[in-house]
Amino acid sequence: MTWFNKQSRLVQILLLLIPGVNWITEIVVRWSTWLKKGGLLRLIVCIVVTIPSGIVFGWLDLVWVLLFKKLFLQ
């Protein structure tokens, strides 16, 4: 999580723009956030992002990073 947040906004956007990389980035960032902070809502989001249809979540996060400089529900 901290690695992703420390990146420049351009790098964050590029990581979320590429479909396959987007999904892997989502999985790594979400699960590391859950391991550090815990919480039922974060766990549910982690599980939803982990399934292949969770790639749609990445597009939502791309817009969210553009607007708020962090991932949706992070």
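**Reading a nonpolar patch and a core**

Author: Leu 10, Leu 14, Leu 17, Ile 18, Val 21 and Trp 59 form a nonpolar surface patch of about 540 Å². The model is predicted: local features need pLDDT of at least 70 and side-chain atom pairs 80 or more, while totals for chains, interfaces and linings use all residues. Residues are numbered from 1 along each chain as its sequence is written, and side-chain values use heavy atoms, without hydrogens or water.

Reader: What makes a nonpolar patch?

Author: Residues with over 30% relative accessible area and no salt bridge, their nonpolar side chains (Val, Leu, Ile, Met, Phe, Trp, Tyr) joined within 5 Å. A salt bridge puts a Lys or Arg side-chain nitrogen within 4 Å of an Asp or Glu carboxyl oxygen. Areas are Shrake-Rupley, with a 1.4 Å probe and only the protein chains shown as cover.

Reader: Which helix gives the patch its largest share?

Author: Helix H2 (residues 9–17), with three residues. Helices are DSSP runs (H or I, at least four residues), numbered from the N terminus. Val 21 lies in helix H3 (residues 19–37).

Reader: Is Val 21 buried, exposed or partly exposed?

Author: Buried is under 20% relative accessible area, exposed over 50%, partly exposed in between. Val 21 has 34%, so Val 21 is partly exposed.

Reader: Which residues make up the largest nonpolar core?

Author: In soluble globular proteins, nonpolar side chains tend to be buried together. A core joins buried Ala, Val, Leu, Ile, Met, Phe, Trp, Tyr and Cys through side-chain atoms within 4.5 Å. Here the largest has eight residues: Phe 4, Ile 13, Leu 15, Leu 16, Val 29, Leu 62, Val 65 and Leu 71. H2 gives the most, three residues.

Methods:
Patches are made of residues with over 30% relative accessible area and no salt bridge: like charges are joined within 9 Å, nonpolar side chains (Val, Leu, Ile, Met, Phe, Trp, Tyr) within 5 Å. Helices (H or I, at least four residues) and strands (E, at least two) are DSSP runs, numbered from the N terminus. Buried means under 20% relative accessible area, exposed over 50%, partly exposed in between (1.4 Å probe, protein chains only).
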